[in-house]
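Dear colleague,

Please find the structure below, handed over for your reference.

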Amino acid sequence: MKLAPIAERLAGNRFILDEEEPHIEVNQEVAARTGTADRIILVCPAHVYSKAPDGTVQVEYAACLECGTCFEVADPGALSWHYPRGTYGVQFREG
Ligand code: SF4
């Protein structure tokens, strides 16, 4: 069975955004100093992280797949990550 491209497969998911409480926050100073910034940009399958022209990490947390990979590769204090509250976050497509 041939799978569709990853971007096409991810497009079937739904995201319910919690605008009052982001579930990801980057400590810019620690992330830059420890190399966490480059690692989380590299490993995130949903491209939640990107680097701004000033070198800071931008976070599009609405697209998070809640896989936890970024939290695993982050140095202590560089990243605050938890599951979204209640009914917020990703809803994976069925089928
Ligand atoms: S939990 Fe997974 S999808 Fe969400 S930001 Fe981290 S690496 Fe990306």
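**The nonpolar core**

In this predicted model, the largest nonpolar core has 20 residues, and those with the most contacts inside it are I24, V26, V48, Y49 and L79. Such a core is a set of buried Ala, Val, Leu, Ile, Met, Phe, Trp, Tyr and Cys residues joined through side-chain atoms within 4.5 Å. Buried means under 20% relative accessible area, exposed over 50%, and partly exposed in between (1.4 Å probe, protein chains only). At least two residues of this core come from each of β2 (24–26), α2 (28–34), α3 (36–43) and β5 (79–81). Helices (H or I, at least four residues) and strands (E, at least two) are DSSP runs, numbered from the N terminus. Leaving out residues up to four places away in sequence, Y49 touches I24, V26, I40, I41, C44, V57, Q58, V59, C70 and L79; contact means heavy atoms within 4.5 Å.

**Basis of the values**

Residues are numbered from 1 along each chain as its sequence is written, and side-chain values use heavy atoms, with hydrogens and water left out. As this is a predicted model, local features need pLDDT of at least 70 and side-chain atom pairs count only at pLDDT 80 or more, while totals for chains, interfaces and linings use all residues.

E66 lies in the loop between β4 (57–59) and α4 (69–73). The E66 side chain does reach the backbone nitrogen of V90, at 3.0 Å. Beyond its neighbours within four places in sequence, E66 is in contact with W81, Y83, P84, Y88, G89 and V90.

**Aromatic residues**

F71, W81 and Y83 form one aromatic cluster. Rings of Phe, Tyr and Trp (its six-membered ring) pair if their centres lie within 6.5 Å; planes under 30 degrees apart count as stacked, over 60 as edge-to-face and the rest as tilted. By this rule there are two aromatic pairs. The W81 and Y83 rings have centres 5.0 Å apart and planes at 70°, so this pair is edge-to-face. W81 is buried, with a relative accessible area of 14%, whereas Y83 is exposed at 54%.

Yours sincerely

Note on methods
Polar contact = N/O pair within 3.5 Å; in protein donor to acceptor, adjacent residues only side chain to side chain.
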